Each structure stands twice: as C-alpha cells, then as structure tokens.
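Reader: I would like to look at salt bridges today. Could you guide me through some of them?
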There are 4 protein chains.
Amino acid sequence: MGRTRTLHAVDDDADAGSTRGRRDLEARERIMASTLKLLQERGYARLTIEGVATDAAVGKATVYRSWPNKAALVLAAVQDRLADVPTAPTGDTRAELLAVAEQAMARFYGSGEVRLVLPALLGEAAREPALLERLRTEVLEPRNARARAVVERAVARGDLPADTDVPMVLEQWAGYMLFRGLWHDDPLPEGTVERLVDATLASPPRRAVWQGK
Amino acid sequence: MGRTRTLHAVDDDADAGSTRGRRDLEARERIMASTLKLLQERGYARLTIEGVATDAAVGKATVYRSWPNKAALVLAAVQDRLADVPTAPTGDTRAELLAVAEQAMARFYGSGEVRLVLPALLGEAAREPALLERLRTEVLEPRNARARAVVERAVARGDLPADTDVPMVLEQWAGYMLFRGLWHDDPLPEGTVERLVDATLASPPRRAVWQGK
Amino acid sequence: MGRTRTLHAVDDDADAGSTRGRRDLEARERIMASTLKLLQERGYARLTIEGVATDAAVGKATVYRSWPNKAALVLAAVQDRLADVPTAPTGDTRAELLAVAEQAMARFYGSGEVRLVLPALLGEAAREPALLERLRTEVLEPRNARARAVVERAVARGDLPADTDVPMVLEQWAGYMLFRGLWHDDPLPEGTVERLVDATLASPPRRAVWQGK
Amino acid sequence: MGRTRTLHAVDDDADAGSTRGRRDLEARERIMASTLKLLQERGYARLTIEGVATDAAVGKATVYRSWPNKAALVLAAVQDRLADVPTAPTGDTRAELLAVAEQAMARFYGSGEVRLVLPALLGEAAREPALLERLRTEVLEPRNARARAVVERAVARGDLPADTDVPMVLEQWAGYMLFRGLWHDDPLPEGTVERLVDATLASPPRRAVWQGK
DNA sequence: AAGTAAACGAGACGGTACGTCGTGTCTTCCG
DNA sequence: CGGAAGACACGACGTACCGTCTCGTTTACTT
C-alpha cells in the first residue's frame with residue numbers, strides 16, 4: 001500500500017493513470033538528488049529553487065511544473081528517505097516498544113536531515129494550513145499509525161492498562177525526542193529510550209474520564 | 001574590559017559611554033513593534049527587513065546597525081514578550097508544578113507567537129551554531145533555570161525521589177507541549193497538564209546510574 | 001556599412017545564435033526612450049538606472065543585462081540620435097565645407113543633448129580608458145571620417161593647399177564649437193561658421209615639416 | 001540684499017570679527033588636500049564627501065559647513081592650483097602670444113587635473129546655471145582677461161589688424177586645446193602651439209561687420 | 001578666572017540608489 | 001513536441017552615501 005510518490009502541493013492530482021514519458025524520470029531523480037544535496041550544504045532557508053534547477057541541469061520551469069514551491073519540493077525530496085517504523089510482533093512487548101521508540105522516533109527526530117528540514121517546514125506550516133495538513137497526513141500520521149499499532153498490541157496483551165492513552169504515549173515519547181533534536185546538537189545519552197519506555201510501562205498516561213463532561 | 005559595543009539583540013544597554021551620534025530611542029521601539037506586527041501578519045519566512053524598516057519609518061541601515069540579520073531582529077523583538085516562569089513557593093508541591101507546567105510551558109509553546117517564530121529560528125539554528133547557542137542561553141536556559149528550581153524544591157521536600165532526573169522531567173513536559181504546539185493547531189485538551197504532572201509524581205524519571213560506565 | 005545596433009559595453013559580442021529566452025524587443029525601446037527623457041529632465045549626474053528602469057516599467061536586471069553601467073546605457077541611448085554628416089559633393093567647395101562645419105559640428109556640439117551628456121561622459125572617460133576608446137571609435141571617429149573626406153576633396157580640387165593638415169582643420173573647427181558649447185549657453189553668433197571656414201580657406205594649417213626631426 | 005552667508009569656495013573671508021568657537025584652520029587644509037588626493041585616485045564621479053571627510057579625519061558636517069556640495073568643494077580645491085597666465089610684455093609679440101598659448105592654455109587644458117575635473121564640472125553646470133556662472137567668472141574669465149590683454153597689446157602694436165576679433169582668437173586656441181585634452185590622452189604634438197599662433201598671425205579672425213544687420 | 005558660544009570629531013538618523021540574486025512566468029530554440 | 005536555457009517584471013538583499021541631526025569636547029572670545 002502506501003503511495004511511493006506524492007509530490008505536488010496539497011492535491012496531488014491523480015496523474016496516476018497517465019503513465020506518461022518515462023523519459024523524464026531522470027530529470028526528476030536529478031532534481032530530488034540536488035535538492036537533498038543542497039539541503040545538506042545550505043540548509044532549508046538558503047536553499048533556492050534556482051540553485052536546484054542549475055545543479056540538476058534542468059530548466060526552472062521543469063521544477064515548477066511539478067512542485068509549486070520550496071516546501072513542496074523539499075517535502076517530496078525528504079519523503080522517502082524516512083526509515084520505516086518496525087512493527088513486527090516479537091512477543092516481547094518491552095522489546096517491541098523499545099524498537100519503535102528507538103528506530104521510529106529517536107532516529108527520526110535526531111537525524112540531521114529532519115533537524116535541518118522539519119522545523120523550517122513546520123515554521124511555514126504555521127502560516128499555511130494546507131502544508132500543515134500535508135505534513136500531518138503524509139509524514140506524521142503514517143508513522144504514528146504503525147507505532148500506535150505496536151502500543152495497542154501491548155495494551156491487548158495486558159502489558160499496559162486498558163485505559164492507557166495510547167496517542168499520548170506516543171506524543172510524550174516523540175515530544176521528548178523532538179525537543180532534544182531541536183534544542184541540542186548532541187545525540188541522546190545512552191539509555192534514554194529505555195528510561196522513557198520503562199517510565200511508561202511503570203505509569204502510563206490514562207485516558208481522561210471526565211473528558212466527556 | 002569586555003565588549004566595547006554589542007547592542008544587537010538582548011543586551012543593548014550597558015554601552016553607556018559609547019553613545020555618540022544621534023541615538024533615536026524611539027526608532028528602536030518602532031522597529032520592535034513593526035517586527036512583531038509583521039511577524040503576525042506574514043510569518044517569519046515572509047518577514048522582510050525592508051518591510052520592517054518601511055513600516056517603522058526607519059532607514060534600513062538603522063535596522064542593520066543594530067541587528068545583523070533577520071534572526072537576530074526577530075529574536076530581540078520576541079524576547080521580552082515572553083511571560084515569566086512562576087516560582088513563588090506556596091507549600092503545595094503539586095500546585096507549584098502545575099503552575100510551572102501550565103504557565104511556563106503550555107502557554108509558551110502553545111502561543112501563536114512561539115509557533116510562528118520558534119520553529120523557523122530553530123530551523124536556522126540547525127545551520128548556525130551561534131544562533132542555537134543564543135537561543136539556548138537567552139531563551140531556553142533562563143526559563144528552564146526557574147522551572148528547575150521549582151522541581152528541585154519538590155525533590156528537597158521529598159515529594160519526588162532524591163534521584164529524580166530533574167532536567168529530564170522538564171524536557172519531557174516541554175517536549176510534549178512543543179510537539180503539540182508544532183503539530184497541532186488546537187489547544188491542549190483540558191486536564192492535560194494535570195495528567196502530565198501526575199504521571200511524573202507517580203513515576204518520575206530517575207537519574208541513570210550506569211551512566212559512567 | 002554602419003552597424004544598426006551596437007549596445008553593450010566595449011565588445012558587442014555578436015551574440016548571433018545565442019538568442020534563447022524571452023527577448024522582449026520593446027523593452028529595449030522603452031529603456032532607450034526613458035533614458036533620453038530622464039536625461040533631459042535631470043541631466044547625467046542625476047540620472048539613475050533605477051529611475052530608468054522604473055520609468056520604462058522594466059526590471060533593473062533587464063537594464064544591467066544589456067549595459068554594465070550608466071555610461072554605457074547613456075552612450076547607447078544617445079548614439080543613434082546623432083544627425084548625420086553631410087558629404088554629398090556639390091562642386092562648390094566652400095558650400096560643402098560650410099555644410100560640414102554647420103551641420104556636423106555646430107549643430108552637434110551646440111545641441112543641448114550633447115552638452116548634457118558629452119562632458120559627463122568625457123569626464124568618466126578620463127578614468128576609464130575603455131570608455132574613452134569607445135567614445136572615440138563610436139562617436140568621434142565616424143563623424144570625423146566623413147568630415148575628413150569632404151575636406152580632402154577640397155584639397156584634391158586644389159581649393160586647399162596640398163600640405164593642408166586636414167585633421168587639424170577639423171579639430172580647430174570642432175574645438176571652437178566644443179568650447180563654445182561647454183562654456184556658453186547661447187548659440188553661436190550668426191556668421192561664425194562662415195568666418196571659421198573662410199579663415200581656414202585663407203590660411204589653413206599646414207602639415208609640420210620638421211616633424212620627423 | 002540677499003545672501004546672508006555664502007562662504008563656499010573663494011570668498012570665505014568677510015566673517016572677520018565673528019570668529020567665536022574653535023576654528024580649526026588646519027581642517028580646511030586637510031579637506032582640500034584630501035579632496036585633491038581622492039580626485040586623483042578616483043576621479044570626480046567616484047569622489048564622495050564622506051570619503052573626503054574620513055580621509056581628512058574631519059566630521060562630515062565640517063565639510064558641509066563650508067561647501068554646499070561636491071561641485072563647490074572640488075572647485076575650491078582645484079581653484080588655486082591653477083598656474084598663472086604670463087602677461088609680461090617682452091616686446092616680441094610672437095613670443096608673448098606663444099607664452100600665453102603655451103602656458104595658459106596648452107598646459108591648462110592638457111593637464112590631468114583639468115581633464116579629470118573640468119568636464120565633470122561643466123557637465124553639472126549644464127543643469128545648474130549658478131555653477132556655470134561661477135566657473136565662468138572664477139575660472140575662465142580671470143584667465144581670459146589676462147590672455148586678452150596680451151593679444152590686445154599685439155593689436156595695439158599693429159602686429160595684428162585693428163579689427164581682429166580678439167575673443168575669438170582666444171576661443172579658437174583654447175577650443176583646440178580643450179578638444180585635444182578631452183578627446184586624446186597624448187600631449188599635443190610638438191610645434192602645435194607655434195602653428196596655431198602663426199596661423200592666427202597670418203590670418204586672424206576679424207570682427208564681423210554685417211553683424212548688426 | 002569663569003562663562004559662554006561656536007566649531008569641532010564622531011557618527012546615528014531617514015532616505016535613495018546601488019548592483020546582485022531569487023521568484024514565478026513566459027518565450028525561444030534545439031534535439 | 002518536450003524540455004534546457006534564459007529573458008522578463010518584480011521585490012528584497014546588504015552596502016554606500018546623501019545631507020541633517022545630536023552628541024560631548026575643545027577652543028577662544030567675552031565679562
């Protein structure tokens with residue numbers, strides 16, 4: 001499942017069936033590669049579409065034809081580099097949770113790529129609801145869905161109480177990683193993920209009961 | 001003796017003697033006000049120094065004379081609008097912790113101003129260590145120091161275990177707020193802060209012992 | 001055969017094939033027109049490339065793309081407005097000389113356009129040999145060549161002595177006109193050209209004989 | 001009665017008694033020197049008052065206090081460097097005329113200083129009648145007056161016809177020199193002045209008779 | 001000798017223009 | 001006919017000077 005490529009701005013058109021020219025596949029590849037390269041070299045703010053076009057030996061129009069602005073371009077380029085969230089059931093709940101927290105979150109929010117791009121994207125998203133929506137549905141939600149499944153499995157197994165607030169568990173973990181990723185250069189101290197997971201196992205957040213009131 | 005003149009953001013003051021030339025104090029005020037105003041209207045990315053200068057009825061050079069770039073300007077403008085962290089001891093540990101988490105963090109990371117500015121600033125900081133350093137020492141650290149004091153008081157009172165990892169407590173709280181602030185438009189659901197604080201009181205993170213190994 | 005368009009700085013390339021891109025021919029026209037208009041209104045010193053661009057409803061880059069600086073722009077704009085030097089042989093030497101002196105020189109050096117532009121250009125040329133060279137080869141020399149032909153015809157006819165210093169004749173005439181044009185507002189007194197020509201016919205400068213020594 | 005204070009170049013004077021305040025006489029000297037120095041280095045167009053002030057270690061206001069603009073400043077600086085016109089009667093008309101043409105004109109219009117400054121000044125004068133007037137009365141006329149005296153002496157002696165158009169003689173000579181000075185880098189060919197003078201002695205321009213008609 | 005007032009250096013101020021770069025659109029020409 | 005090349009109008013960049021202004025400081029002339 002899961003779309004391999006999404007591109008374009010908000011509405012990604014449905015160029016699905018139109019299987020047109022394979023010829024330009026190279027161009028697209030070159031653009032993606034140049035985007036990532038220049039992102040590393042200059043950071044989001046100093047990345048320019050002109051620069052990408054030049055570096056990719058491509059006309060500017062070719063870039064604009066596929067992505068309406070820098071955010072869309074960068075989002076597309078970053079999109080598939082994202083490592084997958086491990087969900088395979090191993091029977092060992094703690095191990096599964098650790099794997100999720102470690103590989104899905106620590107590695108994600110701690111990676112240079114994300115730190116270089118995500119804040120900038122979220123910064124723009126604060127002004128552009130469409131972008132925020134895309135980020136949520138295309139970046140956050142897919143990852144969260146798989147992580148959620150793992151935690152819910154732990155609940156089903158009885159390793160976490162039935163009224164565990166699963167989304168909040170994830171947000172607590174991810175929030176901590178994001179915070180560290182943004183505010184600090186250095187990687188997480190060893191053992192951090194374990195302590196996070198163990199704290200949750202010891203005393204997980206419960207769903208609020210008076211919520212409905 | 002130290003800095004001959006720095007002005008720039010934060011510390012203008014102090015340059016007592018070196019105040020030769022015209023030194024229009026109103027200009028600085030107008031610039032700060034215009035910066036905040038345009039920040040709201042356009043967001044960080046679309047904020048322009050030229051625009052600020054025009055809006056403030058000020059020469060561009062006057063802006064550049066005091067702040068070397070957009071980040072410094074915005075940082076200075078945002079700086080003092082930040083609400084204080086409440087630290088008054090009331091005797092009630094839970095109430096104190098709630099006050100800190102609520103007023104120092106939820107309100108801070110949830111505010112539109114911060115959401116509009118902080119990610120962008122952090123995004124630039126990923127490329128500019130100097131900026132990151134300033135953000136840490138001038139924004140994060142001052143707030144954290146006061147919050148830390150409150151939590152440490154709770155430890156001293158015995159309401160939290162002696163080996164509580166105080167910094168991590170704060171980072172967990174703040175991380176969650178930051179995460180929500182960045183990824184979601186809507187305010188925190190009611191009761192969230194309470195649940196966060198209570199979870200910490202029930203099972204706080206402990207300092208890692210094997211750290212040294 | 002006279003070049004139809006010259007533009008650019010010194011070396012006007014011969015950009016034959018390289019005409020990719022939009023190439024708005026009207027833009028050039030508008031720029032030339034605005035340049036001349038603002039030259040009249042403000043004079044060379046107060047002429048601004050920014051002003052020209054604005055007046056011509058053209059981006060600044062479009063101006064800079066074709067002319068590297070104000071001098072080149074103005075030179076190009078003035079270039080073709082220059083009236084031609086009459087050379088048609090009429091059989092009447094005195095009449096031909098008068099025509100040349102009158103139309104090629106008096107009208108040229110006496111015209112407001114020239115007075116407004118030439119000194120400034122020559123002033124810059126004093127610092128920029130390339131500009132001086134262009135002025136000589138593109139403004140002075142073409143005009144002189146044709147005037148020289150007329151005077152040489154007079155020599156061939158025997159109306160002037162064989163050892164007449166033809167260049168000096170022209171420089172004397174032009175020098176006088178230039179002097180008057182620069183130092184005085186008012187037009188030449190009537191009959192001046194006649195007196196100049198007649199003085200030359202009566203006693204033309206001879207080529208120096210001892211020159212080789 | 002007009003002008004309350006003019007100072008500008010030439011006539012500073014007049015402020016006799018009112019010399020309260022500091023009055024740093026050296027400042028003026030330094031300004032003049034810096035002006036000439038930078039004029040040589042950069043030419044008129046690239047000379048800036050700011051640059052002069054800095055180079056002279058003087059406040060900008062000090063420059064503006066004495067000269068209202070660049071033209072006035074430069075005019076003042078150049079003013080007194082001008083060599084004198086030799087007028088001493090030697091009895092030998094041809095020698096006297098040669099001395100005038102050589103020293104007053106060839107040297108003047110041929111000098112680098114003049115070539116660097118005069119065209120620019122005249123260029124501005126085309127737009128500013130006041131400046132043209134000053135140039136005429138303070139630069140051209142004083143020199144011309146003395147030269148005229150010499151030529152008139154030649155007329156009185158009978159070495160030139162009584163109806164010689166004396167001003168035109170001077171303008172012819174000066175015009176030729178000016179022309180050469182502006183259009184050519186190289187000095188006058190040897191013997192040029194002699195040929196000019198001799199041509200005039202052989203066939204001087206006469207005053208127009210039919211002028212009144 | 002103390003007071004006072006102008007001129008001084010320094011340089012901040014509101015501006016205009018510089019020459020460059022990037023944006024997003026549009027045109028031309030080549031393969 | 002698709003795409004690179006790049007011209008186009010626009011707008012912002014960061015810098016340099018403009019001419020005016022306000023600072024203290026430094027004379028030199030009153031009183």
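Author: Let us begin with Asp163(B), which is partly exposed, with a relative accessible area of 29%. Here buried means under 20% relative accessible area, exposed over 50% and partly exposed in between, using a 1.4 Å probe and protein chains only. This is a predicted model, where local features need pLDDT of at least 70, side-chain atom pairs count only at pLDDT 80 or more, and totals for chains, interfaces and linings use all residues. Residues are numbered from 1 along each chain as its sequence is written, chains are lettered from A and ligands numbered from 1 in the order in which they are written, and side-chain values use heavy atoms, leaving out hydrogens and water.

Reader: Which residue forms a salt bridge with Asp163(B)?
Author: Arg206(B) does, and the closest N and O atoms are 3.2 Å apart. A salt bridge is a side-chain nitrogen of Lys or Arg within 4 Å of a carboxyl oxygen of Asp or Glu.

Reader: Is Arg206(B) buried or partly exposed?
Author: Arg206(B) is partly exposed, at 41% relative accessibility.

Reader: Moving to chain D, what does Glu96(D) pair with?
Author: Glu96(D) forms a salt bridge with Arg153(D), with 2.7 Å between the closest N and O atoms. Glu96(D) is buried at 4% relative accessible area, whereas Arg153(D) is partly exposed at 22%.

Reader: And which residues are linked in a network in chain A?
Author: Salt bridges link Glu96(A), Arg153(A) and Arg157(A) in a network.

Reader: How many salt bridges are there over all chains?
Author: A search of the whole structure finds 65.
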